[in-house]
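Dear colleague,

I am handing over the structure that we spoke about, and I have put it just below.

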Amino acid sequence: MALPAPNRATDDLLAELADKAPGVAALARRGEVRRYRKGMLLIQEGDQGDTLYIVLQGRLRAFSVGENGREITYGTYGAGEFIGEMSLDGGPRSASVETLEATVCAVVTRTTLEQHLLAEPAFAFELLSKVIRRARAATLSAKQLALNDVYGRLKLLLEGSAMPQPDGSFWIAERLTHQQMAHYLGSSREMVSRLMKDLQDGGHVAAEGKGLRLKARLPMRW
């Protein structure tokens, strides 16, 4: 169950969103603002639904669980992003969504979205662009799963999360757990742990506080 959201905090969050994404903020103002605790399941894959969640604060994770219990993470979403648009065609939810931390969302129904599009037709292009970008990301993810082994996918994940540093190294400010990496890679935690240990023993990566440093570009193959 969502927690009530104080009006003052809500106004501040909407104002911050308006500075970053005015089109999304205008839609969010039409929705119902709700607060959620960490670890809450907002969307269950396969359920029917017609609501869009606009993140004002916090982070969400979209994922699926296979018959063997193994999870795969499709992406994480923070302030200014929205999720749930895939069910606006009346079909079932294509993924589950949970909160990774305490999160505030503006929840918008399909009816409200339709009213907003009538008033602000230009927003349709913004919504369509977001859907296209996610479709491209899903295609790329499927391509990576099909064409790369687990190490290849791990290399792409680590290097895609890292920022180049003046000394030639690459820095990942927020280190994922091996289980979280496994969820992104569609692999087992044991496989990720083994690969990460090999990379650390080989001097390619080093844990530093809450972050992770890549000494240079990782080897093409392992």
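From C-alpha to C-alpha, M220 and H204 are 12 Å apart in space, and they are 16 residues apart in sequence.

Please keep in mind that this is a predicted model, in which local features need pLDDT of at least 70 and side-chain atom pairs count only at pLDDT 80 or more, while totals for chains, interfaces and linings use all residues. Residues are numbered from 1 along each chain as its sequence is written, and side-chain values use heavy atoms, with hydrogens and water left out.

As for the whole protein, it has seven helices and twelve strands, and 40% of its 222 residues count as buried. The C-alpha trace spans about 55 × 40 × 35 Å along its principal axes.

Strand β12 covers residues 211-214, and from it G211 and R213 point one way while L212 and L214 point the other way, all of them buried. In a regular strand, side chains alternate between the two faces of the sheet. Strand β12 pairs in the antiparallel sense with strand β10 (residues 170-172) over three bridges, where two strands are said to pair if DSSP finds at least two bridges between them. Within that pairing, I172 stands opposite L212. Strand β11 (residues 205-208) also runs antiparallel to β12, and four bridges join these strands, with G211 as the bridge partner of E208. The hairpin of β11 and β12 has two residues between the strands, and in it G209 takes a positive phi near 60°.

Elsewhere there is an open sheet of four strands in the order β1-β8-β3-β6, with antiparallel pairing. Because β1 (32-36) and β6 (82-83) stand at the edges with a single partner strand each, one side of each is left without a neighbour in the sheet. Strands β3 (residues 51-57) and β8 (residues 103-109) pair in the antiparallel sense over six bridges, and I54 stands opposite A106 in β8.

Turning to the helices, α6 (residues 178-185) has M181, A182, H183 and L185 as its buried residues, and after α6 comes G186, whose phi is positive, near 65°. A28 lies in helix α2 (residues 22-28) and counts as buried because its relative accessible area is 1%. Although A28 and L113 are 85 residues apart along the chain, their C-alpha atoms are separated by 9.7 Å.

Finally, D12 has its place in helix α1 (residues 7-20), and D12 counts as partly exposed because its relative accessibility is 43%.

With kind regards

Definitions and conventions:
Buried < 20%, exposed > 50% of the residue type's maximum accessible area, 1.4 Å probe, protein only.
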